Amino acid sequence: MINQFQPPHAHPPFLAPPHPKHSPRQLKILSGTGSDTDKTLFSRRIVIMVKQSIWWLYRMGLKKLLSKSQIVQPISGKIQEVEPSGPDTEDEKYISWLKEHPCALASFHQMMKPAKGKQIVVFLDYDGTLSPIVNDPNRAFMTDPMRSALNDVARRFPTAIISGRSRDKVYAFVKLDDVYYAGSHGMDIMGPPLQVKYHHDKYQINAQDEKGKEFTIFQPAQEYLPSIEKMLKELKTRTCNITGAFVEDNRFCISVHYRHVLEEDYEALEQIVWSVLSDYPCFHMTRGKKVMEIRPSIKWNKGDALEYLLDTLGFSNSSNVLPFYLGDDKTDEDAFKVLKRRGLGYPIVVSSVPRETSASYSLHDSSDVLSFLIHLARWGETSA
Ligand SMILES: O=P(O)(O)OC[C@H]1O[C@H](O[C@H]2O[C@H](CO)[C@@H](O)[C@H](O)[C@H]2O)[C@H](O)[C@@H](O)[C@@H]1O
């Protein structure tokens, strides 16, 4: 690997202090005294110093640029990949991690090469992906530019949001009709009308909205609803004395938020959750961002929801489809794994820090997600 940061001189002369071994002439040049020839040499040295400074400033500028992109255009005009030498700082660690999970924006054109002739299908998580993580879960609004970009994407490609929240709540944030919604970590799917009966058909019903649009509701955890409602009440009552704790009803699962709980109160809160759970052996707990999530112990997660939607969209066992899945949470890893296992499409993790993931590409944050959706919609427009 070429080290493009190699300065023009390995030991810049202006960095060398006068040394006992310097000759009297060298000392005169360094001090600026001496004959005209010496003075000319001294001026040359000044020019070299200025050139060196420009080089080092250029080098520092490049380093900054690298935090945005891994590819730079060096003076030679040849595109080269940069190999950071031993990651030390958080930025350097992130740059190093990007090598394994390249930025989906920087790689966009390359990613779209196999898309020609294939059906793109877009899956997105909500919190941390379509909206940034905020303090109040009830105020995780989506911005208008994000809504507009998502709408442009959904008008061109089948698009679904798969969230841990209740389906109604996600719809209340997103408010777009051309999108399919899967709430409760995929346990409550409003998907396309079924052409054929799905193998879990006892959990699904076909329905129509008020405009006559047909869709299918699939709810594989229906029989757990009475227990969830009881648990919700218990959790709300038993945590009401823990300042900052917030129990969120996500219909087929429950979120117990501790973002605003004092560190010294966390253990007590977790104890309550474990204690309630011990009375409901058919449920288990998973963890998200400052949240404990209580879910029915059925074999169904965001990965299964993704497969269900691909099937119902008519792409079971099809290689003619290119799914994208964008998500920031641990629960999104289930969907990344499905795409990886099937060797299908692009799992894209949204993360501003290096992390263990099955995703093959990355985006830094929800504003990168917005740019990505804009790119995708434009691509759909020009290649239609
Ligand atoms: O699958 P997702 O759409 O990512 O939902 C996962 C959880 O997201 C929400 O909580 C997270 O976002 C909140 C708002 O930014 C933040 O305040 C909270 O700390 C995060 O954990 C949602 O409220 C949960 O119910 C979801 O399970």
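Of the 384 residues in the protein chain, 33% are buried, a residue being counted as buried if 20 or more other C-beta atoms, placed from the backbone, lie within 10 Å of its own, as exposed if 12 or fewer do, and as partly exposed in between. The model is a predicted one, in which local features need pLDDT of at least 70 and side-chain atom pairs count only at pLDDT 80 or more, whereas totals for chains, interfaces and linings use all residues. Residues are numbered from 1 along each chain as its sequence is written. The secondary structure of the protein chain comprises eleven helices and 15 strands, where helices (H or I, at least four residues) and strands (E, at least two) are DSSP runs numbered from the N terminus. Among the contacts in the protein chain with a separation of 6 or more, 57% are made by residues 24 or more positions apart; two residues are in contact if their C-beta atoms, placed from the backbone, lie within 7 Å.

An open sheet of mixed pairing is formed by nine strands in the order β7-β8-β6-β5-β4-β3-β13-β14-β15, and two strands are taken to pair if DSSP finds at least two bridges between them. Its edge strands, each pairing on one side only, are β7 (204-208) and β15 (361-363), and from one strand to the next the twist averages 20°. Within this sheet, β13 (residues 321-327) and β14 (residues 346-350) run parallel and are joined by four bridges, with Y325 standing opposite P347 in β14.

Helices pack on this sheet. Helix α10 (residues 333-342) lies across β3 (119-124), β4, β13 and β14, and runs at about 155° to β13; angles run from 0 to 180 degrees between N-to-C directions, and axes are lines fitted to C-alpha atoms, for helices over the stretch in contact. Helix α6 touches β4, β5 and β6 of the sheet, its direction making about 135° with that of β5. In α6 (residues 167-174), the buried residues are R167, K169, V170, F173 and V174, and because they fall within an arc of 165° when seen down the axis of α6, they line one face of the helix; the arc is that of the directions from the helix axis to the C-beta atoms. These buried residues pack against α5, β4 (159-162), β5 (180-183) and β6 (188-191). After α6 comes K175, which has a positive phi, near 55°.

Helix α5 (residues 144-156) also packs with helix α11 (residues 366-382), at an angle of about 35° and with the axes 9 Å apart. To this contact α5 contributes P145, M146, A149, L150, D152, V153 and R156, while α11 contributes L370, L373, I374, L376, A377 and G380.

Strand β10 (residues 254-257) pairs with β12 in the antiparallel sense over four bridges, and M292 in β12 is the bridge partner of V256. Strand β11 (residues 283-288) likewise pairs with β12 in the antiparallel sense, over six bridges, and T286 stands opposite E293 in β12. A hairpin with two residues between its strands is formed by β11 and β12, and K290 in the turn has a positive phi of about 55°.
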